[in-house]
Amino acid sequence: MITGATPPYRAALAHITEATQRLRSARDERRAWARERQEALRVFHDDLGLKAGASLMEVVEAYGRVRGRTLVLEEAELGPELSGVCVTEPDQDVIYVTSIASPRHKIHIRLHEVAHLPLPRQGAAEIATFEACSISGHSSIDIETLTRHMSILPPRVVEELQTSPTSVNFRTTYAFAAERRSEQFATHVINLLDLDATSRHTGPIRSAFSNRRSV
Amino acid sequence: MWIDAVTVINMIIATATGTLGIGKAMSARHEKELTLWLTSSVLLFAAAIFLLATPVVYRAVGAITSPNLSGLLVPVATLACVAHAHWLTQLWQPDRRTQVALRRAAMIWGPVYGGAIVLMVGLYATADLGPAAPLRFAAAYAHVPQVVAFQLVYTVALITTVVATVRQCRALALPGRPDFAGELKKSVGFFALALGFDLVNVAITLTAMIGVATGHAGLGDIAETAWLATICSCIAANWGLGRMVVPTLLEEFRDDRVLEPLWKTVTDGAPGVILAPRSWWNRLNTRVTLGRRITEVRDGEKHLSPWWSVVPGLAVEYQVTNQEGRRVPGDQQDQAWDLVAAKDAATLLYAAQLRRRIGAPTPQQGERLMKLPGMDVSISEERAHLVRVARHLTHPTVLQAVKLAHAKAASTMQG
């Protein structure tokens, strides 16, 4: 008799196939995260020459030293969708962070923005691409929002954007690969830093006993 | 029977200690944290000690090289373990972590450890030894002057270094969250206890050796019981170094779960703040998962900022202060209550509900909230604060405050 119902063995096969696919996708995701983490740690330890227990200012100084340029941190009232901006001007780099954020979140945002700055190791081609791309991180926002984002920048930066090779990165979404990479950097590197006086004091002992520098 | 029991116990302890050491090494690979490397190394050394002291391994190593080589390797490895512990306690205290302090400590203690090990190796090499004597090397060869000198050098070096290390453990100052600092102190206590048991071992061994050397052969039998002190030492060290690892993972997992409703509330209309969907496999990496959760909650909160209003927070305060005679939040019956967290929760819940209503106006100029009450929470308190906010999302007072805020907005519109 033909009932039209799916035979039990087919349903079982479908479950197995689905489970296999889920496992495969979980494995791929895990590997992708592991690669990103390795890359973030390599930049932190090898390119910047930093060790666990460094402070945010040491990360900023290391970027400035390796790039041979001044890196300035600023706070600004950014819009609700925007938490950080990285501007590379001809003579210096400036990072804006929203004033509406907790102290820990501000550190995360600054780490994200600082990771946009290309390091000499990344090669001339990548640096050239970065500098040629004047604005990034806005793929999913409309022109009105972009204009609003631009309005938070000092007029001289907007003017420079239009006239000289000035690059701007907005932390809004992770639609761009560069945004995702920077966010991964911030996600992993923040765990290595001493974020306040307490973690500076107890980081090494916490690390020894709980495998965590900060909680 | 005793030897069989020691063999089984040693193998279990060596496996457990080695596993914990490998776990720490895997964490250290990512963190590149010296204290974590040292912790891993001390555990692997301890595992090696238990392996080498197991009679069957002792004899096997002896068959290949010198019959009592493990009798040398075990004390040398024990001194290496104490040196690790000594270094660790130096790094744990900020004022002893400076380059100058570390160099001074190395100048003082380096020759003590190095000199003792060199002397012990020299004395062992020149001693005239017979067949393997696992667990009772010193007592079995108490008639050999080099072995007596060997044991005395080991005892003096161990007592000196253990006392110095335990004193440093006792002098540790641990600021921070009281519960976490309390747990750390307990772990340091177990660590110091483990070092103390090493002294019990050398005291028993020395008694046995002196007893045999002075003609009391019966005392030689207690030499093997000294190993019980080493077993206690290793259990205390393992417990001290490992007791916080699993609870830390479980707390991270628990906090991630608690934060999920808050995360859903604030990211509901802002999918752009989510870096990647979480697979069950990635959730096992609790630290990164929790870190992402906290960051995305904060980003989601900011996306809600146009709808932040002072009204829900005021409604919470109103209920707390103006309901005399009724059970109010914040009294002793409501231990989990936190006013700042409740105000944050009410503000975010109200803002999320406003955003969901297409076309709903944002709060008027005078009602706009520019900063959440819990926005300036200290870095070390951020996670605990957000967990409290998440727990308050379903608190009756918070839900009532949100209702009051909606009622006020409706009456304003009608007016």
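User: What makes up the domain assignment of chain B in this predicted model?

Analyst: The assignment for chain B gives domain 1 as 2-243 and domain 2 as 248-414, and the centres of domain 1 of chain B and domain 2 of chain B, taken over C-alpha atoms, are separated by 52 Å.

User: Which residues make the contact of α1(A) with α7(A), and how do they divide into nonpolar, polar and charged?

Analyst: From α1(A) come Glu36(A), Arg37(A), Ala40(A), Leu41(A), Val43(A) and Phe44(A), while α7(A) brings Arg181(A), Gln184(A), Phe185(A), His188(A) and Val189(A). The residues of this contact divide into 6 nonpolar, 2 polar and 3 charged.

User: How many residues does the contact between chain A and chain B take from each chain, and which helices of chain A each supply at least two residues of the side that touches chain B?

Analyst: The contact takes 47 residues from chain A and 49 residues from chain B. On the side of chain A that touches chain B, at least two residues each are supplied by α1 (8-47), α3 (103-114), α7 (177-189) and α8 (197-210) of chain A; the largest share, 11 residues, comes from α8(A). By residue class, that side of chain A divides into 17 nonpolar, 19 polar and 11 charged residues.

Terms used:
Residues numbered from 1 in each chain as written. Chains lettered and ligands numbered in written order. Predicted model: local features only at pLDDT ≥ 70, side-chain atom pairs only at ≥ 80, totals over all residues. Domains from an automatic or database assignment. Contact = placed C-beta atoms within 7 Å. Helix = DSSP H or I, 4+ residues; strand = E, 2+ residues; numbered from the N terminus. Nonpolar A, V, L, I, M, F, W, Y, C, P; charged D, E, K, R; others polar.
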